[in-house]
Amino acid sequence: MAMKTKVLIVGGTGYLGKRLVKASLAQGHETYVLHREEIGVDIEKVQMLLSFKQQGAHLVIGSFNDHQSLVKVVKLVDVVICAISGVHIRSHQILLQLKLVDAIKEAGNVKRFLPSEFGTDPARMENAMEPGRVTFDDKMVVRRAIEEAGIPFTYISANCFAGYFLGGLCQPGFILPSREQVRLLGDGNQKAIYVDEDDIATYSIKTIVDPRTLNKTVYIRPPQNILSQREVVQIWEKLIGKELLKSSISEQEFLAIMKEQDYAEQVGLTHYYHVCYEGCLANFEIVDGAEEASKLYPEVKYTTVEEYMTRFL
Ligand code: NDP
């Protein structure tokens, strides 16, 4: 049976954060959710927080502008998970976590901290392209602060969120699959890894009480979900019983189009470039000092790409 642990989720109203709250409650942890005063009259967020409370979570007030308020909430728990925003087309606040790191350091009681990562492993992206490298650089700044403060950590590398990548058949700017056509990025043969966001939350919560994941990176690589764009398209074609019309966008064309976009779009496109043209997610072995989630937790029945795509039928 899962051990009862006190867990604080920061960014609990977010796209991933709300799933972390749900998974923490489902795994029987005493779950605390930060209620920032700044959300003011954001009715959706307030309603969401109240629904967490109805499901058994504790809401705790704190602000990134008030160090002592953060120290106070951190002192209530054993584990802190942060899912603060980090997608430029929505919002990017990764460096705000330095304030949380300061609070965790001062509080001195936290046994595990999971910072807002949940994507490509930033430690492998030292040669990443501008401007998208800002995501990896900022996440590395936070890692260094955590490690310098001696805070026990787990870094979750969750690869591609299914919602962003699978829905649009791995085409940037699309989140619904066409029944007519698809544009392949290059030859469409680079492997990537797709993970349902609820599964990311389930695996992440599993790691927090696991000594095997202490001070390590945990990659989420469900074996059936390591697929190229072409393979994703084939799964969709099988489901709809029809072949899509295919075209392709070369690396040079992709980069030229990228340069014409605004900054936030360019950041996102840079990430697609590394994933879809360079294969940065699947082109390495997981070595000693890191773990893979589906091997650690074989009891989790993860969502396969085919199951995920069935939702669009
Ligand atoms: P969201 O954009 O949904 O934001 C999450 C939360 O951040 C908000 O709900 C809010 O929490 C908090 N927040 C936003 N602005 C501020 C602020 N100024 N001060 C304090 N808190 C703030 O985040 P996502 O779920 O999209 O991203 C979470 C993580 O997942 C990021 O690290 C991101 O890089 C990663 N990611 C990875 C993807 C992938 O494909 N691998 C795709 C998308 C994201 P509250 O109001 O509750 O305090």
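This is a predicted model: local features need pLDDT of at least 70, side-chain atom pairs count only at pLDDT 80 or more; totals for chains, interfaces and linings use all residues.
## Getting started

Helices (H or I, at least four residues) and strands (E, at least two) are DSSP runs, numbered from the N terminus.

Residues are numbered from 1 along each chain as its sequence is written, and side-chain values use heavy atoms, with hydrogens and water left out.

## The whole chain

The protein chain contains 12 helices and 15 strands. Along the principal axes, its C-alpha atoms fill a box of roughly 55 × 45 × 40 Å. The radius of gyration is taken over C-alpha atoms, and the globule rule is 2.2 Å times the number of residues to the power 0.38. For 313 residues a compact globule would come out near 20 Å, and the protein chain agrees because its value is 20 Å.

How much of the chain is buried? Buried residues account for 53% of the 313 residues in the protein chain. Here buried means under 20% relative accessible area, exposed means over 50%, and partly exposed lies in between (1.4 Å probe, protein chains only).

## Around the ligand

Let's visit the ligand. A residue is near a molecule or strand if one of its heavy atoms lies within 4 Å of it. There are 30 residues around the ligand, and Thr-13, Arg-36, Arg-90, Ser-116 and Asn-159 come nearest. By type, the shell divides into 14 nonpolar, 11 polar and five charged residues. In this count Ala, Val, Leu, Ile, Met, Phe, Trp, Tyr, Cys and Pro are nonpolar, Asp, Glu, Lys and Arg are charged, and the others, Gly among them, are polar.

A polar backbone atom of Phe-161 lies 2.9 Å from an oxygen atom of the ligand. Taken alone the ligand exposes 910 Å², and the protein buries 89% of that. These accessible areas come from the Shrake-Rupley method with a 1.4 Å probe; for residues, only the protein chains shown count as cover. The elements giving two or more residues to the shell are β5 (86-87), β9 (160-161) and α6 (162-165).

Asn-159 sits in the loop between β8 and β9. Its relative accessible area is 7%, so Asn-159 is buried. A polar atom of its side chain is 2.7 Å from the backbone oxygen of Ile-220.

## Strands side by side

Two strands pair if DSSP finds at least two bridges between them. Strand β4 (residues 79-82) has partners in β1 and β7: four bridges join it in parallel to β1 (residues 6-10), and three parallel bridges link it to β7 (residues 112-114). Leu-8 stands opposite Val-80 in β4, while Ile-81 stands opposite Leu-114 in β7.

In a regular strand the side chains alternate between the two faces of the sheet. In β4, Val-79 and Ile-81 point one way, Val-80 and Cys-82 the other way, and all are buried. In β8 (residues 154-157), Thr-154 and Ile-156 point one way, Tyr-155 and Ser-157 the other, and all are buried. Over four bridges, β8 pairs in the parallel sense with β12 (residues 216-219), where Val-218 stands opposite Ile-156.

## An open sheet

Three strands form an open sheet of mixed pairing, in the order β9-β11-β13. Strand β11 (residues 191-195) runs antiparallel to β13, joined by three bridges, and Ile-193 has Ile-226 as its bridge partner in β13.

Gln-224 has 53% relative accessibility, so Gln-224 counts as exposed. Between Gln-224 and Ala-103 there are 121 residues of sequence separation and 40 Å in space, C-alpha to C-alpha.

Phe-284 is in the loop between α10 (263-277) and β15 (290-292). Phe-284 counts as buried because its relative accessibility is 10%. Phe-284 and Arg-124 are 160 residues apart in sequence and 9.8 Å apart in space, C-alpha to C-alpha.

Technical notes:
A polar contact is a pair of N or O atoms within 3.5 Å; within protein, one must be able to donate a hydrogen and the other to accept it, and residues adjacent in sequence count only if both atoms are side-chain atoms.
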